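The following note sets out several points for a reader who is meeting this structure for the first time. Please keep the structure in view while reading.

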Amino acid sequence: MLTNPLTKNIGQDNVAADINRYMDNDGYRGWRKAHSMAPDDIIELVKDGGLRGRGGAGFNTGLKWSFVPRGEDSPKQKYVICNADEMEPGAFKDRLLMERDPHLLIEGMAITAYAIGASQAYIFIRGEYHLAASRLEQAIVEAKQQKMLGTNIFDSSFSLDIYVHRSAGNYICGEETALLNALEGKRAIPRAKPPFPQVSGLWGKPTVVNNVETLCNIPHLVNLGVEWYKNLGLGEDAGSKIFGVSGKVKNPGAWELPMGTPIREIIEKHAGGMKDGLQLKGLLPGGGSTDFLSTDHLDLPMDYDVIGKAGSRMGTGTITVLDDKTCPVGLVLNLTQFFARESCGWCTPCRDGLPWAVKILERIESGNGSTEDLELLKEQCERIAPGHTFCALAPGAAEPIQSALVLFEQDFINHVTMGACPYHSISTTTPLTKHP
Amino acid sequence: MPTITIDGSKYQIDGDQNLLTACLSLGLNVPYFCWHPAMGSVGACRQCAVIEYKDSGDQHGRLIMSCMTPVKNGGIYSVNSETAKDFRGSVIEDLMTNHPHDCPVCEEGGECHLQDMTEMSGHTMRRYQGTKRTYRNQYLGPFINHEMNRCITCYRCIRFYHDYAGGEDLQALGRNHQVFFGRNQEGMLENGFSGNLVEVCPTGVFTDKTFSQHFVRKWDLQTAPSVCEHCAVGCNTAPGARESGSQQNPLLRRVVNFYHHDINGYFLCDRGRFGYEYVNSKSRIDKVLSAREDAVISSTADEDERLHKDIPPKEAVLALADKLAQAQRGNHRLIGIGSPRASLENNFALQQFVGCENFFSGINKRDTQLLQLINTIQCDKRIHSPTTPEIEDADLVLILGEDIYNTAPRISLAVRQAARNRQKQQAESLRIPLWQDASVRQLEGESSPIIFIGAELNQLSDVTSKTLFVRPEKTALIGEAIANYVSSAEDNKNRLDPDSSQQAEHIAQLLATAKNPVIISGTGSKDIHLIHSAAEIAISLSEKKETAISLYLCCGEANSLGVTQFFSGECGYLEKLITELREDKGENDKTLIILENNLFRRLSSEDLHVLFASVEHIILLDTLLNETAKHADLIFPVSATAESQGTFVNNTGLAQRFYTVYEGTGFIQESWRWLSDAAVYCKERTETIEAISNWSHCPDVTEALAESVPSLSVIKQLGPDENFRIEGLKVARQSARYSGRTAIHAEEHVSEAPPPQDPDAPMSFSMEGIHNPNRTSLQANIWSPGWNSNQSIFKFQQEVGGERRGGASGMTIQRKETPLSRRPSAPNITDPAKSASPGLQTLPIYRMFGSEELSNQSMTLSTVIDNPFFTLNEVDAKRADLDHGDFVALDATCGIFHGRAFISGTQPAGSIGVPFGLPGLEGLAAELPGWANLLQVEKNATTEQESQS
C-alpha cells in the first residue's frame, strides 16, 4: 500500500521531478480518472475522503468546494487558486512539495478546477520562493506539452490554464481573501464575509482557494480512493501529512507521516531528538501563530481536533521546538515583531495593539519590564481574541504570547525581578554589531 | 418590524439595517469611527463593539461589532455591558498610542469626533510608554491641510475620496501601524469633492486651510441655514462667521455642509465649500461709491469707465430717490435689470421699483429661451424633477450635453453612486445588506449604464458605459432619434448617420428596459434643441411606461429658475431692452439700475455699448467690483448670501430660504433695503412706491412677492416670520458656549454692546435662544451633548440618513401644469466647412473653478483657476498647425482672446472648447456657441525644444 503519496517522487537530490519521471510513477492518473468522473462525484469523493485543509484551518476540502455555485445559472467563469504564500514562521512544507514535485500540485489543481468548473487557475506564491516558482513554471510548460493543461484537455471541452503569480510579500496574503485582493492588484487586506470566495471571489467570480499541500493530496485521493486515503491516517484524521521540526534538534527537517503521528515520534524519531545538552522546554505545534504546548503533550497524536483540545492548533503541522537554553521571552518577542510588522493595518486592535505588545515585550526582555507589564501583556492578548479583530492574524499572534505567559510564567517573572534577561547571551534585542 | 432588546429595553426597529445604525436612530450613544451614514460599514475600527446574547439565558454573550451585525428579530444586545465598555475603551487606548496630544493647537479641537469618542469611551489614563509614530506631511493644495500624525487609520478618507467620489490620487499607502493616507507625491488633490475630507475625517488630519487663515473654534462661530450660491443645485450650507477683536465687523470664516436629505445629503463640492471667500475679497464693495466728476489727469481706464470715490450713503439714497421721483412725474425712465444670482426678494423689489414694464431679467435672450423651455418642461406632469437620492437610485442615467461635474457638481456625485446599482442588485440577490460597504464593493458586476452624449464630460469617465463626444446640435439630433426610437416613430431617423442612429436605437432599448431611468441635461450646452430632445425622450418614455420620468435639468445659476418666474414666455431678456433702447427717440432721460449682475458675462460688447450709451445714469447694486461696476455712476454695496435673507429656486423648482448668518461690514445691506430707503425719501409716491417704502422686514417683501407671482405663492410658507418665538425665545445663532462677548472689544470699551437685532428672521445674533435643531429648522449649529462634531447630525434626523426632524428646507414652487407641445424637429447639423461663418464652432465648456462668477473672486479658489485656454481635437489642431500648449489667439466676432491651445482627445471635430466665464475669457461667454478661428501666436517652448532635439 502506498503510504507516502505526497513525497514518493522526492529523492535526496534537490531537483524537481520532471514530467517523465512523474508520469512513470503513476503521475496524472488521478487527473485522467477524475476527468472521466462527473464533477459532483469528485466533490463528494473528496468530501468523503475527509481531507482537511492543510493550510492551518483544517476545513473539509470537499465541503469547501461544494459551496461553489454549479449548474446552468452559475457564473461561467470560476477560479481555482493555490495558496502558496507560505510565510508562517517555522513552516517550509509547501516549499518542499513545490520545489521537488511540482507536477503533483499541478495535477491537484487540474482536478480541483475540473470539479468546480474553473478554466483559470493561479498559484499565488511567496515572492521569496523563486526556485519553486520557476520550477512550477517549467512544470506548467511540460504539462501543457503533454496536454495535461491547455485547451481541450483529453479531447474534451474542458480547458485549463494555470498562472504563477509571485507575491509582493506580505504575511496577510496567506489569508485567502487578502490573497484575492492582492491578486487583483488591490491592497492586501482581508475582505468582509459574506460573500465567501466560493460565491464571489477573484474578480467577483466563484473561487476556491486551497493550500499547496491540500491540493497535493487530491490526485492520489482520487486515484486510490476514499478507503485507502482514510486508512493512511492513524487516528481520527485521514491521509498523510508533511510534518516538520525546526529548532535545536539534531535533524531538523520535514517528513511525510500519517496523520495522527504522535508529537514525540516526530521530534525524537524523525528529528533525532534535542541537540546534546539541551532539554525540550515547549513547542509550537503548527507554526508561529499557534499556542505553545508543554512537554506533557508529547504523546498527543497530531490530529486537528486533538491538538485543538489540548489548547493549541495543528496549524501547518510544522513544529518549532523551544529548548531550555533559549529565552522564551525573546522567542515570543521575535514572533510578535513579525506579526506586528505583517499586520495589514486594517483593524485597530491588530494594527495598534501588536506594536504595543512588541514594546512591552522589548521592555521585559531588556530587563526594564515591570509586573504591570505582564498584566498589560495579558490584557493585550485578550483584546485581540477571535472576533475582536477583523481576521485571524492578531488572534494568531496572541497565541504564542498568551500560552508563553502561562507555560513560561517564571521566565517572565525572572526577567522582571532580575532586571535582565537570564538567557542574555541569546537576547534578540541585543543590537547587532555593525561591521565597518 | 423586528423587536430587539438593548440593555433590557425593547425597541421596534426597521429590519434592513445594522445594529449600529439602529442604536443611533434610537438615540443611543454608541461610539464609532469607520462607519459613515452615507458610506456604510466596513468593520475596520472595532470601536462600535457591543454584546450579543444567544437568548435570554445567555449570561456572557459574545462581543460583536454593531456596524457589521444585521439586526434580527428578537435579538438581545447590550451596549452598556462592562465587557463591551472595556473593549471600546481599549480600542481608544490603542488609537491613542500614536495620536498626538495637540488638541489645543489642532483645528479639529472642539468639533473632533475622536475627542468625543474618547470622552464617551472613558479612556483617560495613558499606559502606553513607547514613542509615537510620526509621518512627514504632504502639500495637498491650497484647500486642504495634511497632518498625518493625528491619523487614527479609520480609512474614511479614502473610502470617501476614492470609493465614493472616484478620486484616484489619494491612497492608503504602506501597512501595519504605518499606513499613510496621501498622494504618490505632493500636489493638489485632484478631486473636486476633496473638501469633504475635512468633515469625513474624524480628527484633524484633513483641515480646511481657508478656515485656518481666520480660525476660531466651532463654538465661537455664529451660523444660520444658508443655500449655496455657486450653482443651481441648491445645496444647504452652514456658513460660520465671527467678529474679531481687531476688526469690528464679523467675518465669514468658513462654509460647512448642512444636511439636506433631498439635495446635498452629507457632501458639498469644493466650489461650494471654498467659494465663500469672495465675500471677504479685495473687490468687495462695502461703501457707497460715486463716479468722480473731478478731472482725472491720467488714467489707464478705457473710455466710458469711471473712477469712483466713496460718498455718504444718504447722499446716494437721495440721488436714487430723486430719480424715482422724476420717474413718478413721468419725465424720467427707470430701467431695472435683475439677476439670476440675486434673491427673489431683491429681484422683486427692483421690479416693483421700476415697474414691470421697465424690468428685465438680467439674462440674455439665448439663456432666457433655455430657461423658459426648462420651466415649461418641468410643468409637464409626465416629467419629474428627481431628488439626489432618486438619482442615486437610478438604474440608467442618460446625460445630454451637460458636464455636470462642473455645472452641477453635487449631481455628478449622485450619478457616480447610481453607477453602482447593478452591483447593489447583485448584493441583494446574494442577500448581502447594502450597508456592508466592503462586501458590496468587492462584487464584480458591470456598472449600471451611464451614458453621456455631448461635448465634454469631466470626472465621470470611469463610470460611464458609453460616451459620444459630439457637438450640441448633433447631441440634439441623437436625442431626438432616441425619443423616436422609444416611441417607435419613424421620422428623422434618416437624418443621422447609420452609426449614430444605431447608437440611438441601442440607447432607446436600454431606456425602455430600465426601471428607474434618469435623464440629465441643462443649459450648459446653450442649445435649445438639445434640451428639447431630452424632454422628448422623457415624454416618449413616460407614455410608454405610463409613469412620470425623471428629468434633471441644470439651470446654471443659483436663482436662474427663480427669476424666470417673473416673466411669462420669452420676454424680459436683455436684448429686448437693447432693441427698445435702439428704437427709443430719447424723449426722456433714463436711469439704468443694475441688480447684482455683471452684464459683461451676458451681452456682446456691441450690445453693451448701445446699452451704456443709451442711458444717462447707471446705478449698480452689487457685492463685488467687476467690469459693469466700472461703468456705474453710483454703486450701492449689497449683502452677499451669507449676509442676508432671501429665497432661491433651484434646478428642481424647490424654493429655499437662506438666512442672515451675520451682518455685513460697512454700509452693506440687501438690495431691496436700498430701494426701500430711496422710496422712503421719494415724496411723490404711487401705491406701489408707498408699499416699497413700508417694507422693513424681509418677510414683507416675500409676502408681497408671493401675492404678486402665482407660481411663487408658496414662498411665504418657507419659514416663520420675524415675530415667531419658541417658548418666547428666538433661535440662537451663536452656540451656548460662544466665548468672549464681553472681552472681544475690551481694548475699546468694557461694556457689552447690545447684539444687533435681526429684523427679518426670528433669530438672535447672540447665544440666547433655542439651540436644539430638533425644535426648529432654523438652527444650523449641529451640536448635541457629547457629540461636538458634525457627526451629531444623526441626533437631528428622524432616523440615520432620514429627514431633519426640525423640518426640511424648501418647498416646490407651484407652476401650472401644462403639457409640453411638440417642437419642430431639431435642425440639421451645420458643417463647419460649409458654414457661413468660416472657422471652428466655439462651444462652452465648464470648470468647477473658473466658470462661476462669484467664486472666481475668492482668494484661495482664484489661485487654482486655469489660465485662459482653448481645447480642440488633434485633427483640427493639425489643420491649424497647432501643438499642445501653443499660445494662440482666438479670433471671434466679439474680439480677439488669447490663451493656450490644449489638444483634447474628446473635443468634437470642428469645434473649440472655450471655458465659460474663465477670467480673461468672460467677454466670450455671451457668444457661446459661436464661430471663431485659432491663430498661433507663439510655439509652446517645451514642444519646440523637443522638436529641435
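Into which domains is chain A divided?

1. The model under review is a predicted one. In chain A, the division gives domain 1 (19-232), domain 2 (245-323) and domain 3 (328-425).

2. Domain 2 and domain 3 of chain A have C-alpha centres that lie 22 Å apart. Their contact takes nine residues from domain 2 of chain A and 11 residues from domain 3 of chain A. On the side of domain 2 of chain A that touches domain 3 of chain A, the residues are three nonpolar, five polar and one charged.

3. Chain A also has an open sheet of four strands, in the order 6-5-8-7, with mixed pairing. Strand 6 (253-258) and strand 7 (280-284) of chain A are the edge strands, and each pairs on one side only. From one strand to the next, the twist averages 30 degrees. Within this sheet, strand 5 (residues 240-246) and strand 8 (residues 318-323) of chain A run parallel and are joined by three bridges. One pair of bridge partners is G244(A) and T318(A), the latter in strand 8 of chain A.

4. The two chains touch: 30 residues of chain A are in contact with 32 residues of chain B. On the side of chain A that touches chain B, the elements giving two or more residues are helix 12 (328-342), helix 13 (348-365) and helix 14 (371-383) of chain A. Helix 13 of chain A gives the most to this side, with eight residues. By class, the side of chain A that touches chain B holds 14 nonpolar, eight polar and eight charged residues.

5. Chain B contains 27 helices and 37 strands. Does its overall size agree or disagree with that of a compact globule? A compact globule with 949 residues would have a radius of gyration near 30 Å, and chain B has 29 Å, so the two agree. Taken along the principal axes, the C-alpha atoms of chain B fill a box of roughly 95 × 80 × 65 Å. Of the 949 residues in chain B, 56% are buried. Among contacts in chain B between residues at least 6 apart in sequence, 74% join residues at least 24 apart.

6. Five strands of chain B form an open sheet in the order 2-1-5-3-4, and the pairing is mixed. Why is one side of strand 2 (9-12) and of strand 4 (62-65) of chain B left without a neighbour in the sheet? Both strands stand at the edges and each has a single partner strand, so one side of each has no neighbour there. The twist in this sheet averages 35 degrees from one strand to the next.

7. Strand 1 (residues 3-6) and strand 5 (residues 76-78) of chain B pair in the parallel sense over two bridges. I6(B) stands opposite Y77(B) in strand 5 of chain B. Helix 2 (residues 82-96) of chain B lies across strand 3 (49-53), strand 4 and strand 5 of chain B, and runs at about 155 degrees to strand 3 of chain B.

8. Further along chain B, strand 33 (residues 869-872) has F869(B) and T871(B) pointing one way and F870(B) and L872(B) the other way, and all are buried. Strand 33 of chain B runs parallel to strand 35 (residues 895-903) of chain B, and four bridges join them. T871(B) stands opposite F902(B) in strand 35 of chain B.

Key. Residues numbered from 1 in each chain as written. Chains lettered and ligands numbered in written order. Predicted model: local features only at pLDDT ≥ 70, side-chain atom pairs only at ≥ 80, totals over all residues. Pairing = 2+ DSSP bridges. Axes fitted to C-alpha atoms, helices over the stretch in contact; angles between N-to-C directions. Contact = placed C-beta atoms within 7 Å. Buried ≥ 20, exposed ≤ 12 C-beta atoms within 10 Å, placed from the backbone. Domains from an automatic or database assignment. Nonpolar A, V, L, I, M, F, W, Y, C, P; charged D, E, K, R; others polar. Rg over C-alpha atoms; globule rule 2.2 N^0.38 Å.
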